Amino acid sequence: MARIGVFICHCGENISATVNVTQVAEAASKLPGVTYATDYKYMCSDPGQTMIIEAIKEHKLTGIVVGSCSPRMHEATFRKVAEKAGINSYLCEIANLREQVSWVHPKSDATTQKAIDIVRTLVQKVKQDSPLYPIKVPVTKTALIIGGGIAGIQAALDIANAGHQVIIIEKSPSIGGHMSQLSETFPTLDCSQCILTPRMVEVAQHPNITLHTFAEVESISGFVGNFDVNIKLKARSVDLSKCTGCGTCWQKCPSKKIPDEFNEGLSDRTAIYTPFPQAVPNKPVIDRANCIWFLKGKCGLCKKNCPTGAIDYEMQDEIINIKVGAIVTATGFDIKHTDFFPEYGYGQYRNVIDGLQFERLASASGPTGGEIRRPSDGKIPEKIVFIACAGSRDKAKGIEYCSKICCMYTAKHAMLYKHKKPEGKAYVFYMDIRAAGKNYDEFVRRAIEKDEVLYIRGRVSRIYEKNDKLIVKGIDTLLNAQPIEIEADMVVLATAVVANKDAELLAQKMHISYDKHHFFSEAHPKLRPVETNTAGIMLAGACQTAKDIPDTVSQASAAASKVLGLFSSDEMTREPIVAVVNRMAPPQFTTCTGCLLCMEVCPYNAIEREEIRDRRTGDLIKVAAKVNAGLCQGCGTCVAFCRNKSIDLQGFSNQQMLSEVIALLNQPF
Amino acid sequence: MNFMSEFEPKIVAFVCNWCTYAGADLAGTNRTKYASNVKIIRFPCTGRIDFMLLMKAFENGADGVIVSGCHPNDCHYTSGNFHARRRWIIFRSLLDFIGFDTDRITFSWISAAEGNKWAQIVDEVTEKIKSKGPFTDLKKLNCTLLKQLYDEAITK
């Protein structure tokens with residue numbers, strides 16, 4: 001006979017403000033099988049937990065239902081409580097009375113009734129629960145880092161320095177990411193490359209780190225502790241083991257007019273190229289789409305001139321398989337480019353540039369050697385207009401969010417320009433200045449007060465070209481919305497930070513969730529900000545949302561610490577939510593008829609064909625399905641497919657689900 | 001009309017743990033208000049949902065049913081939602097064939113980030129079922145009725 005305890009939490013006032021908790025507890029106490037029911041202000045607190053433990057012992061409870069917040073929040077907490085009191089942790093069920101009742105409905109009898117219905121349903125379920133025991137699986141202590149920007153570099157170094165193997169894959173030919181393109185970084189104005197490149201070199205030389213550049217994720221399967229990843233190494237056409245990085249090839253390359261991605265199209269590169277002088281690995285790659293050999297079948301100058309014979313036109317994409325225990329996703333971001341803005345000339349005006357292009361202009365390693373010159377004629381601009389929130393916080397453009405970094409980098413850009421040309425004029429059109437961060441507001445104030453950057457609160461409606469100048473039309477909302485017209489030499493748009501183009505595809509490969517802007521979703525917005533809903537996959541950096549460098553690095557280290565936590569033991573326990581095929585005494589053995597439909601639908605190949613044979617004669621008696629609990633992830637697809645209900649899912653059994661349906665709809669009294 | 005507005009339908013939602021359940025939690029975190037008629041039963045995956053359970057829900061007094069999981073390609077378990085979708089397509093045609101009002105079953109995709117969509121679907125379905133009135137089709141065919149028919153048949 002079941003002896004169930006029901007514990008209703010007030011959650012401070014979060015639940016009790018709209019749900020009559022005493023009434024819920026009272027109704028629960030009258031349910032068949034319920035021995036004890038009570039309510040308390042904070043069930044998850046120490047006294048609350050003690051109360052549950054004492055009640056379990058005192059009333060000899062066989063299962064508990066906690067009516068509280070979402071099971072996604074505190075299921076683990078209350079399962080531990082059950083275990084402490086001496087009952088199996090899977091004999092605990094959570095009735096979600098906060099996220100799905102008290103927070104979404106007004107105070108009313110109907111709301112209380114819904115709470116009672118939910119508690120009744122879970123009481124019925126817990127009565128059908130059977131004790132389950134966690135499954136132990138070995139952990140592969142190698143981490144995969146996807147993305148070699150500052151987030152990936154930081155996470156990789158942290159994990160590698162703790163003594164574990166790390167594999168980094170980076171889709172472009174060099175690691176470094178967007179940070180390697182930046183000139184100087186706010187709020188200290190230290191040179192980005194000076195702080196980044198030593199870390200890139202450290203990655204390349206670290207004995208625990210394997211680096212694959214020009215590589216992409218092909219597929220990911222498996223689960224936490226035991227991921228199986230196929231990686232596509234794109235054909236680089238250069239044998240890295242032979243290449244010394246001497247540079248003869250790209251000096252001889254005749255195809256020289258290809259827009260340089262690293263310089264954001266502000267300069268040209270050759271078809272065989274190293275992305276930038278500090279690239280890691282500092283070895284070239286052939287851009288097959290623009291190489292004369294691949295387009296026309298002749299040329300071959302690089303091959304002829306290579307002193308080590310490293311050029312290999314026949315090189316093919318290669319798929320390698322690796323086994324890892326944890327994955328850190330650090331794929332970074334993209335920005336909207338100037339062609340996204342019809343009002344600012346659709347990217348047709350060469351002197352309207354985006355923030356990253358300005359970074360390249362201001363960078364000592366950039367196409368102008370750090371002199372800020374107009375892309376159209378190379379003249380040094382007398383007046384620059386900076387436009388913040390270009391695309392961001394603009395519902396009409398489909399980007400409601402704040403891109404977070406633009407206020408700061410716009411101030412930095414204006415400051416850099418004023419340092420290089422003190423007599424020039426810098427205007428910033430802004431909506432609000434969001435400079436929350438250590439020494440951030442001081443930095444913006446310095447731009448305004450010391451460097452005399454002119455901040456105008458208002459938006460720019462239109463830009464057009466007239467006699468070699470850009471006419472910027474806007475308003476000043478602090479001057480009674482007075483129209484303003486500025487004849488500028490150059491305009492810099494602080495364009496919105498957006499997710500990478502292939503972010504959605506990657507998320508689907510990894511089975512992690514993402515939001516409507518294709519930024520990856522964290523498991524909990526406050527309490528689990530670096531994990532995803534898929535155990536063993538962590539997030540770092542701007543692939544989650546727009547972030548500046550300090551935040552990115554913090555998150556990368558946090559992700560690394562989560563990985564290290566996972567790697568701290570040789571075995572990890574997994575939820576025993578797995579499918580089982582029923583077994584019974586001979587001569588029936590099982591009700592399974594061996595149709596093996598379950599085997600076909602299982603996404604994890606967790607179902608095997610089992611031959612039941614006579615022990616003495618070895619004659620085949622029956623063919624049945626058998627679940628490999630190590631591979632089963634507990635989706636239950638096989639259960640829904642099974643024609644005679646021979647396979648069932650522990651924790652979500654047919655009996656339990658049916659009991660829930662019946663209990664939810666029928667009131668016993 | 002008056003009686004219609006007083007009718008509070010019972011609606012059961014069969015949702016997956018990873019997307020729609022989390023989406024419903026998000027609606028809560030955002031304090032989005034919606035009708036209290038829908039109650040959730042949590043499944044690991046829409047692929048787990050045995051469609052006979054939907055029938056059991058109607059048999060036990062549900063007036064409407066929602067089935068919701070991850071968007072295509074977003075399934076936590078790779079393909080459970082595709083299986084659910086295929087099974088639903090076949091199951092629906094079977095229900096249509098036997099004259100069941102399939103409008104009472106709403107099949108939807110709601111991701112973990114779509115709290116507002118969850119609230120919106122709940123409100124829409126509640127309104128729809130309200131306008132349809134209580135579900136009585138299967139109840140006409142309940143066991144007592146069958147037994148009566150049977151009794152009549154053998155006494156004749």
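1. Helices (H or I, at least four residues) and strands (E, at least two) are DSSP runs, numbered from the N terminus. Ala, Val, Leu, Ile, Met, Phe, Trp, Tyr, Cys and Pro count as nonpolar, Asp, Glu, Lys and Arg as charged, and the others, Gly among them, as polar.

2. A word on what you are looking at: this is a predicted model, in which local features need pLDDT of at least 70 and side-chain atom pairs count only at pLDDT 80 or more, while totals for chains, interfaces and linings use all residues. Residues are numbered from 1 along each chain as its sequence is written, and chains are lettered from A and ligands numbered from 1 in the order in which they are written.

3. Back to the helix pair: α2(B) and α5(B), residues 115-132, pack at about 90 degrees with axes 7 Å apart. The axes are lines fitted to C-alpha atoms over the stretch in contact, and angles run from 0 to 180 degrees between N-to-C directions. α2(B) is therefore roughly perpendicular to α5(B), a label for angles of 65 to 115 degrees.

4. Now the interface: 43 residues of chain B are in contact with 42 residues of chain A. On the chain B side, α2 (20-29), β2 (38-43), α3 (52-59) and α4 (80-97) each give two or more residues, and α2(B) gives the most, with six. This side has 20 nonpolar, 14 polar and nine charged residues.

5. Chain A has 18 helices and 34 strands, and its C-alpha trace spans about 90 × 75 × 40 Å along the principal axes. Of its 669 residues, 49% are buried, that is, with 20 or more other C-beta atoms within 10 Å of their own, C-beta atoms being placed from the backbone.

6. Finally, the largest nonpolar core has 136 residues, of which A:Ala155, A:Ala156, A:Phe386 and A:Val491 touch the most other members. Such a core is a set of buried Ala, Val, Leu, Ile, Met, Phe, Trp, Tyr and Cys residues joined through C-beta atoms within 7 Å. Helix α12 (residues 406-420) of chain A supplies the largest share, nine residues. Apart from this core lies another, of 116 residues, including A:Met43 and B:Ala62.

Terms used. Two residues are in contact if their C-beta atoms, placed from the backbone, lie within 7 Å. A residue is buried if 20 or more other C-beta atoms lie within 10 Å of its own, exposed if 12 or fewer, and partly exposed in between; C-beta atoms are placed from the backbone. Angles under 35 degrees count as roughly parallel, over 145 as roughly antiparallel, 65 to 115 as roughly perpendicular and the rest as oblique.
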